[in-house]
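Colleague: I'd like to learn how to read a model like this one. Could you walk me through it, feature by feature?

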Amino acid sequence: MPDSVPGLSMSRRGLFGAAAGLAATAALAACSSSKNSSSSSTTTSAGGSDPKSIATDAYIFGYPLVLMDATRATAAPTNTLLRFDRTPSPDDKTVVTPNVDTLYSQTWLDLRAEPMVLQIPVMPDRYWLAQMMDAWTNTVHNPSSVHPQISGGGRSGPFTYAVTGPGWNGQLPDGLTRLDMPTGTTWIIIRFALNSPNDHDAVVALQNQIKLMPLSAWTANPDTPTPNGVPGNPTDSPTAQVQKMDGAAFFAKLNELMAADAPAPADADALARFATLGIKPGGSVTGIDADTLNAAVHDAQQRIHDYENPGAKEVNGWSYATDLGAYGTDYPLRANTALTALGANLPADAIYPMMADVPAESGGAPRTYRCHFPAGQLPPADAFWSLTAYTADHFLVPNPDNIYSVGHQPAATPNPDGSVDLVLQAAEPGPEVPRGNWLPIPSSGTFNLAMRLYAPRDNAANGSWQPPVLTPAS
């Protein structure tokens, strides 16, 4: 996803890439690389009662659950906190479209034994977000500095949450806000904003104050330190691992995982259909031969790859989606988002207009672009916004001034009339352009842009605000 967590993914296919994790280039923009596929919102989009059709739809239904499990297996051990304490540079080639706005921490929880307590430290005047996803990739809770979601409405912090699994009925100590998860497996991604180019050490110090421990440990001693976890070292990306599974392996894993992390009640009709082939929690596949099952897997993978999100927006050359993060029974959208942007945020938390394959030169000469925001028309966000440029292969643009993002760090300087002009070019534009208004781009080839709106306002999601046209100036 344009909001990328280091260490969780490798490169993506084409426009979007092809690995799992949070890296994606224009994945959140359109969740599609083709105009040739169905946009139906239910798992029965292929239709039919024949075994191949059922298995195809079952694969699309179950793909996010299996991919989440493969991703979990590559991370730090369950119920440990992994802090990423480094911002990316142009030399980093592991994660595409890396994010220079925030530092991340993450944890995979197993809530079956008891709740886990997560505490976010006090940090006035800094944006933070703790995104909590179930095993099916839905964002269930999203406490943040904008909406801390603390019982009683406290906003000063620290912010202390008891994350509970299905069926837990115990009592919580005072000062904990209960957040119920529908699955025992939970993925939490924590983002802390970097407010200036010199802010790194301050954010790392805040990361080190995050607490994560079982409820029993919290009750015994809430001051127990939380060490940093050690990530795994997989030889294949999670997406590649799932891609290699044949039909028998995939559905055996799906049945196993559904027994541990149950589908939602809204999935009952789909599950009844899948159960005719033994695709059910704890089940065994029956009534379909291996060749047909493998053919169904192939067809499903192609449909996931080719899916086009009918809710995607295309405005002034920018592409973005405002319907991600929670999917209900829209299984094709859920599967495609898992493939292209695993860990996608709710639109209430972040929106990512993207622009791809912009020419960096004309007739062999480097080009200059202007991005003009009329007065009062800067990207509407309650936290902050930024604009980042990437090379043709979706990495940061090398430049001697080490400027990789504008809009937030540093902030852009407005014109006397309140409008804002950003200059995008390879060469340093001179003193007439403030530092916060120049975004370096490559001098040749093509480049890509990612605009990030954190805690976007309603007019960003409903389309009444539109990102501006990128205008060639030379």
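Modeller: Let's begin with salt bridges: a salt bridge is a side-chain nitrogen of Lys or Arg within 4 Å of a carboxyl oxygen of Asp or Glu. The model is predicted, so local features need pLDDT of at least 70 and side-chain atom pairs count only at pLDDT 80 or more, while totals for chains, interfaces and linings use all residues. Residues are numbered from 1 along each chain as its sequence is written, and side-chain values use heavy atoms, with hydrogens and water left out.

Colleague: How many salt bridges does that rule give?

Modeller: The count is 14. One of them pairs E256 with K253, at 3.7 Å from N to O.

Colleague: How should I think about two partners in one helix?

Modeller: An α-helix has 3.6 residues a turn, so residues three or four places apart point the same way. Here, E256 and K253 sit three residues apart in helix α6 (residues 247-260), so about one helical turn separates them. Helices (H or I, at least four residues) and strands (E, at least two) are DSSP runs, numbered from the N terminus.

Colleague: Are E256 and K253 buried or exposed, or something in between?

Modeller: Buried means under 20% relative accessible area, exposed over 50%, and partly exposed in between (1.4 Å probe, protein chains only). E256, at 48%, counts as partly exposed, and K253, at 24%, is also partly exposed. Salt bridges with shared partners link D69, R72, K253 and E256 into one network.

Colleague: What joins D69 and R72?

Modeller: Their side chains form a salt bridge at 2.9 Å, N to O. The two are three residues apart in helix α2, so about one helical turn lies between them. D69 counts as buried at 17% relative accessibility, whereas R72 is partly exposed at 26%.

Colleague: How do I check the length of a helix?

Colleague: Where does α2 bend?

Modeller: A bend at a residue is the angle between axes fitted to the seven residues ending there and the seven starting there. In α2 the bend is about 45° at G62, and the proline P64 follows within four residues.

Colleague: And how do I describe two helices that pack together?

Modeller: Two packed helices are described by the angle between their axes and the distance between the axes. Axes are lines fitted to C-alpha atoms, for helices over the stretch in contact, and angles run from 0 to 180 degrees between N-to-C directions. The axes of α2 and helix α9 (residues 331-341) come within 8 Å and cross at roughly 35°.

Colleague: Which residues of α2 and α9 meet?

Modeller: Taking contact as heavy atoms within 4.5 Å, I60, F61, Y63, P64 and L67 in α2 meet Y331, P332, R334, A335, A338 and L339 in α9.
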